[in-house]
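Colleague: I'm new to this one. Can you walk me through it?

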Amino acid sequence: MGVKTVNKLDGYDKTIVCPPDKSVSVRAVILGAYAVGRTTVRNLSLCADVLSAVDCMRRLGADIKLDGTTAYFTGAPFHGAKLDCGNSATVARLLAGLLSGLNGVFELTGDESLLRRPMARVIEPLVAMGARIQHTDGKLPIKIIGSPLKGTEYTLPVPSAQVKSALILAGLNAVGRTRVVQPVAVRDHTERMLAAMGGDINVDGNAVEIGQCALRAVETEIPGDVSSAAYPICVALCTGGKCTVKNVGANPTRTGLFDVLKSIGADMIVENRRVGVEPLCDVTVRGGRALRPLVVDGRTVARVIDEIPALCALACFIDGISVIDGADELRVKECDRIKATVSALRSLGADITETEHGMIINGGKRLSFGTVDPCGDHRIAMAAAVAACAGNGADIIDAECVGVSYPNFFKEIIDVE
Ligand code: S3P
């Protein structure tokens, strides 16, 4: 396992093009492989999760050619297969939905972290639609015996875009209409992509309705990943530096980060907004201003869920008490991200305490050099690196886990080889 040594950074000043969005890339791979005809996807993320999706779709029978970050898909009827979803719950849950109504027997598994993650949240509503799924205590590995599905109405008990998407994709092959109601709006990349592919989909407020339909091939371009942009943005704010991130995805279901940064008084310019299937913008932040402690609660949490570890790192450098609440979903991510964030930042001397639904950070204290175990979780490793370059450095063990979403993170963002 690799250790990366991160040093304190001075005079941070970066302009980068945002790496492509992982969430949108996974959907493009799954739907590009499924649609009838030849789909072209530009600016595809080549992170490990997306490569897991590519591998699964090839095993199902799709022809996928990768030429740098451009991918060409020729859909073919899928056949039964054994699929390894790697570290990606998005791949496992979306495929569970899509495959449940197709002909064939499909076995899904994943790495050690994915085997611990809850699948019952998708299995139960899919079974209610008629799916036949054998599982291991509500977890992977699962075996799906493709069966006829019927449309359903389902209200999400947890704010999860993966569950919503699994049901929408099952609805593509279900008789009648499938309606999914979300108590809070979670990312809507699946809905946008299905609409662009001619799917019979309707969005009415927080309800999404889909009818049985085929999808047609598209040409599309993946936006930058706001979740990845959060790291250089937080480095600039913590170190009193500056950064510009271009081509950042500005889908309103994902931009809770901008709202939180505005609310604490960050010097941030969001400009060059472009509309499209997925909207884009460029973001510039300058550190040096005194920031107010941050509060993330039930109202914003779903729109900033993956950026919370990075925001906790930022909060370590803001005088006063910052609070993350209503973030229970963090406990079922790649690891328990509440515990892992607290433990990683404490290794660097931060004053951060776990609460039932989040954490409390008493910021503005000096951090010290420490060794961080990110628990194999990419976002914890990157958040710890943010804190280390504004604090007093760190050794981050198992640092290659960043490859799950951001393979070039260390070199591109903090100049660590
Ligand atoms: C994702 C949805 C979110 C998010 C994850 C990616 C997606 O998970 O945390 O990183 O691509 O749909 P949940 O659906 O579990 O909230």
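Modeller: Let's start with the ligand site and then turn to the backbone. Keep in mind that this is a predicted model.

Colleague: Where does the ligand sit?

Modeller: The ligand sits in the largest pocket.

Colleague: Which elements give two or more residues to the shell around it?

Modeller: Those are helix H1 (22–34), helix H3 (89–100) and helix H6 (161–171).

Colleague: And which residues are around the ligand?

Modeller: Ser23, Arg27, Thr90, Arg93, Pro159, Ser160, Ala161, Gln162, Arg187, Ile305, Asp306 and Lys333.

Colleague: How do they divide into nonpolar, polar and charged?

Modeller: Three are nonpolar, four polar and five charged.

Colleague: Which domains does the shell draw on?

Modeller: Domain 1 (3–20 + 223–414) and domain 2 (22–221) each supply at least three residues.

Colleague: How much of the ligand's accessible area does the protein cover?

Modeller: The protein covers 95% of it. On its own, the ligand has 380 Å² of accessible area.

Colleague: New topic, the backbone. Is the peptide bond from Leu140 to Pro141 cis or trans?

Modeller: It is cis, with omega near 0°. Pro141 belongs to strand S9 (residues 139–145).

Colleague: Why point that out?

Modeller: Because most peptide bonds are trans.

Colleague: And Asn247: is its phi positive or negative?

Modeller: Positive, about 65°, although Asn247 is not a glycine. Most residues other than glycine have a negative phi.

Colleague: Which strand is Asn247 in?

Modeller: Strand S17, residues 242–249.

Note on methods. Residues are numbered from 1 along each chain as its sequence is written. This is a predicted model: local features need pLDDT of at least 70, side-chain atom pairs count only at pLDDT 80 or more; totals for chains, interfaces and linings use all residues. Side-chain values use heavy atoms; hydrogens and water are left out. A residue is near a molecule or strand if one of its heavy atoms lies within 4 Å of it. Accessible areas come from the Shrake-Rupley method with a 1.4 Å probe; for residues, only the protein chains shown count as cover. On a 1 Å grid over the protein atoms alone, a cavity is a set of points where a 1.4 Å probe fits but cannot get out, and a pocket is an open set with protein on both sides within 12 Å along at least five of seven lines; lining residues have an atom within 4 Å of a point. A molecule sits in a cavity or pocket if more than half of its atoms lie within 2 Å of its grid points. Helices (H or I, at least four residues) and strands (E, at least two) are DSSP runs, numbered from the N terminus. Ala, Val, Leu, Ile, Met, Phe, Trp, Tyr, Cys and Pro count as nonpolar, Asp, Glu, Lys and Arg as charged, and the others, Gly among them, as polar. Domain bounds come from an automatic or database domain assignment.
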